[in-house]
Each structure stands twice: as C-alpha cells, then as structure tokens.
Amino acid sequence: MGRFTAFRFTADPSPSQVAVLVRHTGAARFAFNQCLALVKDALDAKHRGGSVVVPWSGFDLINAFNSWKVSAQAGRRLVVDSAGSAEITATGLSWRAQVCQQVCEEAAVDLGRALAAWADSRWGKRPGRRVGFPTFKRKSRTQPSFRIRCKTKAGRVSIRVGDPTAGTRSICLPRIGALRVREDTRRLRRMIRMGRAHTRYATVSCRSGRWTVTVTVEAADLHPARQHPPRPDADGSGWVGIDRGLTALVVAADTTGRQRLRVTDPPRPLRTALPRLRRLSRQVTSKRRGSRNRAEAVTRLARAHHRVAHVRRHFLHKVANQLVKTHDRLALEDLYTAGLLRNRRLAAAISDAGWAELARIIGYKQRWRGGQVIRAPRGYPSTRMCSACRIIGPALPLSVRVFRCDECGHTADRDVNAAVNLAVWAEQRHAQTRDPEARGPVTNASRGTGSGQRPSAGATSPDDGVTPPPRTPVTQGRPRRAVSHEPTDF
C-alpha cells in the first residue's frame, strides 16, 4: 500500500438516521470542548505552581476523557434509601452508550493535532502563518462532522461499503447502520474486494443541509501502465513549465518553446454565480435574526457557495489530470497567493482561479504516477526574462500580452515565454542537483558577496520615472529582480 485516497459519497439518510447523525456530531463537538477544558484546567494548575501532568498528545487526551466520562464530574446521582440516608453515586455521561465511542476518541485526536500545530508554530517549527491556540467549538458556527475508524472483529470490518443486506449503494457504519448513498460504489467495492485498498476511517459531515460520507482508504500504487517510466539521473530533459494566470488559467510549454497546453476558457464559477449570491445575501440580511426564515435563507446561500466550490474543484481536477497524464516532469512557480489577494481589484479573480488548489492537486497526482514536480522560488522573473537570450527586462503591465526583447528582438506570447523560462530553470536546477561536486550559488553570504547577482545601490523602480540600470544576462545564481508596485506574473 503506497498512497491514501478518499471517496466521497452523498448520503440520503432517513429522518431517524438524521437524528442519530446529529447526536454523533454533537458528541464529537462535546468531546473536543471537554478535552480542551481539561487541558486549560491542567495548564492553569501548572501555572499556579502545582505538579500537574498536562494531557497534550492524542493518546493522553483519550485517556483523560475516558477517565472523566465515568467520574462524578461527568454525572452523578443522589440515592436515598428507606432509612433516609443519602449517597452520591457516580454515573458518568448518561448518553455515552448511545453513540460510538470512536467519535469521542477521534475528536481528542483532532485536539492533539491542533495543540501540536500551535506548539510548532510558536517555536518556529511550522512554516506559514501563525497558528493560534485551539478554541471551543460553537454549535452555530461549527460544521457538523465526526470520524469513525474502521476496526476488524472476527474477520468482519466495522465499515462496509455495499453490504449485500443493504444494497450496493450503501455504507454501513457502527452504531448508525446502513446509510444510502446516491453515487455508485462499484469502483471502491472492486478495489476492496481485490485487496488493492483497505478502509481506514469514514468521515460524516453536513454542509448546507446535505450529508456526505467520505471513506478514506489506503490503496496500492497505480498500475505500472498508468505510471510514468523512470528516467535515469543523467537525463535532465522532459521538463514542462506551467504558468498560471488570469487571462489564460494554464499555459504549459517545454524548453524548446513549444506550447503543450493552453486553457483559456475556465468556468469562472464565482463570477457566474455572483448575481445570485448577492440576491441570496440580501434575503439573509432582510430576515430577522434567530428566525426560521433566516435559517432557511442561510442554507440557500450556503448551497450556492457550495456549488461554486464544486464547479471550480471539478474543473481543476480535469486540468490537473490532463497535465499529469501527458508529462512526467512539471515546473511551477511558487506564487504568494495570500499577498496577491491584497490587491482589491484582482482579489476576486485570483480567488476564482484557484491557483493554490491547482498546484496542490498537481502535486499529489504526479506523485501517484511517479513523476516529478518542482517549484521555482518566489520572485523568479519568469515573465520579465527573455527565453532566448536570458536577459531580464523591465516589469510588464497586465495589458501587455506579447513579450518583446529589446536586446535580441525575440517576440513571444507573454504566458508562453514565462512557461519556457520555468522549464529552463527546472532543467538547470536538475543539472546542478544531480552533480554533488557542482557548487551552487552562495546563499548564506553577506550582502555584496557570493556568486549570485544582486541589484546595485542605485537601482530604482521603473515606476519612479528614473532610467533603470542597464540590463545584464543571467548566467548563474539568483536573477536580479526589479522593484515594482504592481503584480506582473499573471
């Protein structure tokens, strides 16, 4: 087994099953909040100078919650006998036998992961944005969901897909029973029957009034016929650069300048659904808070947003499949999407394009097929660099769609030129990394030293009205980057 994958199905539960699902989602939320309360109480006691062990990992949180749920703090009963003497008896949680206990255990595991992420982010071990300390889950703002692990008892698994007694389009879960699903489960059933997949856990969630069941399995590697043939280490060819933009969502080209793929007709679901979203948003604001009409209006608005996300994700999967099935080496640019979203004029279009999601999908699909995906560093001038003479020019405004080099006279499409530069960068990087004796540019040197080129002290921005310094070809090291106040790599 070499990869984890998930199968998502839309559930069609009966009214009685909906009540059971709601009870399980409430139990998961309660267990998460109670485990967080135990952690906070232990931290407060430790700060006061007591020798208290703080439950931090998922295993410790499970043990702490299991001990608490049967204690008198979770539930107690006052028993009075015939003689009039009263005795307090610990009963624990009265409803713990009505839900699957794995739901509470998985909620404790989720809290353990959140605490680990907060600690790693605090000490600088986690890249990206700063992660805050976990907070309590509110019923009105938390998406209802719970997770159940798959266990095997007497040769029978607890999570069964397409059970003969319930029908092929069904998923059986412990303590819940058989849930009918709308999609066909033939592919998953065949993988499980042939031993090419083992069920690990199932996640049930409700979004916009619709219940879904996601079955996560540990599957075998793809068939060798569907994988890319391995390349020798000395072979540095075959790289294809992918430029992501707004006018053309994806433009792929190789080092020779040949265009391999161009996607110019993305669905743009947010732009298409924007009039309807505005109308539904006005309906929500016109309803009284706390009323049933407002809750129904919120559900309609959430369904509209849910549809936008599904349309975008479906199209991105189609584009990613088309790329990874035909090319085994892909080079992308590491775009700072969070920073680009600060541009109020392009934020909606960038969000609608889904650049980060496309890169994520391409990454794991290419790994499944045995291919390679690398990312050029941020600030790499793929748009401003000439793909013929490798000279970096000034920043190009978004209205200029054709690249023209003033030095060699090379003319090419703006997006194709950027894709070729990414492919050439990947080929050069592969040639440097496969030879350990080839010394690369010095990265930890002080400013003004090292092999990489650096801008001169008198370099100014093209927007300042001052003539920029003369352009020089890039031979090695990190290319020069002209200062610009507008996005150019679209």
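How much space lies in the largest cavity? About 30 Å³. Keep in mind that this is a predicted model, and that a search of the whole structure turns up 1 cavity of 30 Å³ or more.

**The cavity**

The residues lining the largest cavity are Ile242, Asp243, Arg244, Glu333 and Leu335. Strand β12, residues 239-244, gives the most to this lining, with 3 residues. Sorted by class, the lining has 2 nonpolar residues, no polar ones and 3 charged ones. As for how such spaces are found, rolling a probe the size of a water molecule over the atoms shows where empty space is left.

Now for the largest pocket, which holds about 1,500 Å³ of space. Its lining takes in 37 residues, and Ala6, Phe7, Arg8, His317 and Tyr364 are the ones nearest the pocket's centre. Several elements give two or more residues to this lining: β1, α4, β10, β11, α6 (292-326) and α9 (355-368). Of these, α6 gives the most, with 9 residues.

Here are the two linings by class:

**The overall fold**

Zooming out, the protein chain has 10 helices and 18 strands. It runs to 490 residues, and buried residues make up 41% of them. Take the contacts in the chain with a separation of 6 or more: 65% of them are between residues 24 or more positions apart.

After α3 comes Gly124, with a positive phi near 80 degrees.

**The cores**

Which residues touch the most other members of the largest nonpolar core? They are Phe146, Ile171, Leu173 and Ile176, out of 29 residues in that core. Elements giving two or more residues to this core include β1 (3-10), α1 (15-47), β4 (145-149) and β8 (170-173). The largest share comes from β11, with 5 residues.

Leaving aside residues up to four places away in sequence, Ile171 touches Phe9, Ile159, Arg160, Gly177, Ala178, Leu179, Val181, Val213 and Val215. Apart from this core lies another one, of 26 residues, with Leu246, Val319, Leu323 and Val324 among them.

Gln17 sits in helix α1. Is Gln17 buried or exposed? Its relative accessible area is 17%, and the cut-off for buried is under 20%, so Gln17 counts as buried. Beyond residues up to four places away in sequence, Gln17 touches Ile176, Ala178 and Leu179.

Most residues other than glycine have a negative phi. Ala154 isn't a glycine, but its phi is positive, about 55 degrees. You'll find Ala154 in the loop between β5 (152-153) and β6 (156-157), where its relative accessible area of 85% makes it exposed. Arg175 also has a positive phi, near 70 degrees. Arg175 lies in the loop between β8 and β9 (177-180), and at 56% relative accessibility Arg175 counts as exposed.

Key:
Residues are numbered from 1 along each chain as its sequence is written. This is a predicted model: local features need pLDDT of at least 70, side-chain atom pairs count only at pLDDT 80 or more; totals for chains, interfaces and linings use all residues. Side-chain values use heavy atoms; hydrogens and water are left out. A nonpolar core is a set of buried Ala, Val, Leu, Ile, Met, Phe, Trp, Tyr and Cys residues joined through side-chain atoms within 4.5 Å. Buried means under 20% relative accessible area, exposed over 50%, partly exposed in between (1.4 Å probe, protein chains only). Helices (H or I, at least four residues) and strands (E, at least two) are DSSP runs, numbered from the N terminus. Contact means heavy atoms within 4.5 Å. On a 1 Å grid over the protein atoms alone, a cavity is a set of points where a 1.4 Å probe fits but cannot get out, and a pocket is an open set with protein on both sides within 12 Å along at least five of seven lines; lining residues have an atom within 4 Å of a point. Grid points are joined across faces, edges and corners, and a volume is the space filled by probe spheres set on the points. Ala, Val, Leu, Ile, Met, Phe, Trp, Tyr, Cys and Pro count as nonpolar, Asp, Glu, Lys and Arg as charged, and the others, Gly among them, as polar.
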